[in-house]
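Welcome! Here is a short tour for anyone meeting this structure for the first time. Take a look at the model below, and then we will walk through it topic by topic.

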Amino acid sequence: MARLIRMDQTGHTTVAEWRADDPEAIEAAVRAFREELDRGYFAMVSTGEGQAEQVRELPVDADLVILRLPISGG
Amino acid sequence: MAAEPLPELAAVHWRPRVDTQRLQRTDALWTATTIALVEPLAVPVTLAAFAHAWVIPELYAQRGANVVRPKRSRAPVEAEARSVGLLGDLVGHEARELHAGTGLVLERGRLGAWLVGPAGALLVRPGGRRVLCYCVGVNDPELPSGDRIAHLLLALRSDERGFATVANLAFSGARWRVRRRLAAATRPALDAGAAAARLLDTRATP
């Protein structure tokens, strides 16, 4: 089961879950994904050891998509 | 030999004629004047210059060390545990253990070995002798510390050079200078970062 999670004040929240053979779940996940991006979150996917990539469309084949807030110099 | 006095003496007729005793007196007076006028100024100026040269880098090193100073989290205990669990999923066993002991996560990059904390990161350059301290974070004070680190870690992993550009540099200098200003519990992280940085090729960095 693939997951879209958002890092937040609770630690993290699962925003959506889907399986590649479940079009309805995918559609719901894509909708949730876009809503979170509209709220200012960035979506990140691990692409190997020590590597990650920002994505602007939900990668349906990914196991885990993490939503993070923007960072800035303190 | 009874020499004829120099005719030029007439031009300096007010000066007493030099003899051995007068030379010794002149010598002593010169030294006394030097001590009286120069030394009282030289000593404090030297001390002030030395203090300046020592204190200023120390103050900056303290500023650098502060970017990873442990701070009490405002998040509930459950949220902290949950965020650390997610962070643990993102890093390997070695980094998890280091985080548990020091609060920092070690991440090897192309610019050097990074030690990422909730509100900043240290970059140990290849070779392990130089450290850059960056103040960087996510602007939500209620986020648990594990999530704060995960935010920085994911940004770092997606664009290391961009990460170093966004972050504010607080200090750049010798590792030993930063290490002595770190909390005792945090120092092993810097040692681990230095060990990792020593293995990096100094010529391979972008």
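In which sense do strand β3 (residues 42-48) of chain A and strand β5 (residues 64-68) of chain A pair, and over how many bridges? The two strands pair in the antiparallel sense, over three bridges. Please keep in mind that this is a predicted model.

**The sheet of chain A**

- Chain A has an open sheet of five strands, in the order β2-β1-β5-β3-β4, and the pairing is mixed.
- At the edges stand β2 (13-18) and β4 (51-55) of chain A; each has a single partner strand, so one side of each is left without a neighbour in the sheet.
- From one strand to the next, the twist averages 30 degrees.

**Helices lying across the sheet**

- Helix α1 (residues 23-38) of chain A lies across β1 (2-6), β2, β3 and β5 of chain A, and runs at about 145 degrees to β2(A).
- With 16 residues, α1(A) reaches 23 Å from its first C-alpha to its last, which is close to the 22 Å expected at 1.5 Å a residue.
- After α1(A) comes A:Gly40, which has a positive phi, near 105 degrees.
- Chain B contributes a helix here too: α5 (residues 145-158) of chain B lies across β3, β4 and β5 of chain A, running at about 90 degrees to β4(A).

**Where the chains meet**

- On the chain B side, 29 residues are in contact with 18 residues of chain A.
- Elements giving two or more residues to that side of chain B are α3 (77-90), β1 (105-108), β4 (130-138) and α5 of chain B.
- The largest share, eight residues, comes from α5(B).
- By class, the side of chain B that touches chain A has 15 nonpolar, seven polar and seven charged residues.
- Strand pairing also links the chains: strand β6 (residues 71-73) of chain A pairs with β4(B) in the antiparallel sense, over three bridges.
- In β4(B), B:Val138 stands opposite A:Ile71.

**A helix pair in chain B**

- Helix α4 (residues 93-102) and helix α8 (residues 187-198) of chain B pack at an angle of about 150 degrees, with their axes 8 Å apart.
- That angle makes α4(B) roughly antiparallel to α8(B).
- In α4(B), B:Leu98, B:Gly101 and B:Thr102 meet B:Pro188, B:Ala189 and B:Ala192 in α8(B).
- The contact of α4(B) with α8(B) has four nonpolar, two polar and no charged residues.

Notes
Residues numbered from 1 in each chain as written. Chains lettered and ligands numbered in written order. Predicted model: local features only at pLDDT ≥ 70, side-chain atom pairs only at ≥ 80, totals over all residues. Pairing = 2+ DSSP bridges. Helix = DSSP H or I, 4+ residues; strand = E, 2+ residues; numbered from the N terminus. Axes fitted to C-alpha atoms, helices over the stretch in contact; angles between N-to-C directions. Contact = placed C-beta atoms within 7 Å. Nonpolar A, V, L, I, M, F, W, Y, C, P; charged D, E, K, R; others polar. Expected span 1.5 Å × (residues − 1). Parallel < 35°, antiparallel > 145°, perpendicular 65-115°, else oblique.
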